[in-house]
Amino acid sequence: MPNWGGGAKCGACEKTVYHAEEIQCNGRSFHKSCFLCMGCRKALDSTTVAAHESEIYCKTCYGRKYGPKGIGFGQGAGCLSTDTGDHLGLNLQQGSPKPARPSTPTNPSKFAKKIVDVDKCPRCGKSVYAAEKIMGGGKPWHKTCFRCAICGKSLESTNVTDKDGELYCKVCYAKNFGPKGIGFGGLTQVERKE
């Protein structure tokens, strides 16, 4: 029977797909609203779809169902998943479960040493971790504490100066600790000593 004016049939719902709402994948047509992962039902696009025969999946579900099996596979480098794959009809828990790790550290003195060795911010006194550390004046600072002590301006390596363990912008440093007189530190006349 001829197909009068109709489009292709949707690979998911089997209804007619017209050109304005058509997405093609693996030689099949889908409605935009039907272009969903068969595992988790997440909306797909050309960068997130992974096709297997007549089925379409997001890359995560595809990896769980058709990728290598074992701890950490199908999730990306360095990730450990606790997903058992039950929603995909998979049985990833094979063999006997491993015993749980002890909740307390095996060497408490080693653990305590790691906490003590963390640098302290001179401005707020709290621990400064590597992800938020900026060095200034030979000391570690939080990014949010790396500000001029007088005006509060955020500092960078190009405009920071230090004096007596405190940070200043170049303008405030010049006004407060620089030479005094006409043309120096923003003054218009010579200061008299009394």
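Which residues do ring pairs link into a cluster? In this predicted model, the residues joined in that way are Tyr168, Tyr173 and Phe177.

**View 1. The aromatic cluster of Tyr168, Tyr173 and Phe177, linked by ring pairs.** Three aromatic pairs are found in a search of the whole structure. One of them is formed by tyrosine 168 and phenylalanine 177, in an edge-to-face arrangement with 5.1 Å centre to centre and 65° between the planes. Tyrosine 168 is buried, at a relative accessible area of 10%, whereas phenylalanine 177 is partly exposed, at 33% relative accessibility.

**View 2. The tilted aromatic pair of tyrosine 173 and phenylalanine 177.** The ring centres are 5.3 Å apart, and the angle between the planes is 45°. Both residues belong to helix α3 (residues 170-177); because they are four residues apart there, about one helical turn separates them. Tyrosine 173 has a relative accessibility of 28% and therefore counts as partly exposed.

**View 3. The largest nonpolar core, of 13 residues.** The residues with the most contacts inside this core are Cys25, Phe30, Phe35, Cys37, Leu44, Val49 and Ile56. Strand β6 (residues 55-58) supplies the largest share of the core, namely three residues. A further core of 11 residues lies apart from it, and includes Val128, Leu167, Tyr168 and Cys169.

**View 4. The surroundings of cysteine 25.** With neighbours within four places in sequence left aside, cysteine 25 is in contact with Phe30, Phe35, Val49, Ala51 and Ile56. Among these, Phe30, Phe35, Val49 and Ile56 are also listed with Cys25 as having the most contacts inside the largest nonpolar core.

Note on methods:
Residues are numbered from 1 along each chain as its sequence is written. This is a predicted model: local features need pLDDT of at least 70, side-chain atom pairs count only at pLDDT 80 or more; totals for chains, interfaces and linings use all residues. Side-chain values use heavy atoms; hydrogens and water are left out. A nonpolar core is a set of buried Ala, Val, Leu, Ile, Met, Phe, Trp, Tyr and Cys residues joined through side-chain atoms within 4.5 Å. Buried means under 20% relative accessible area, exposed over 50%, partly exposed in between (1.4 Å probe, protein chains only). Helices (H or I, at least four residues) and strands (E, at least two) are DSSP runs, numbered from the N terminus. Contact means heavy atoms within 4.5 Å. Rings of Phe, Tyr and Trp (its six-membered ring) pair if their centres lie within 6.5 Å; planes under 30 degrees apart count as stacked, over 60 as edge-to-face and the rest as tilted.
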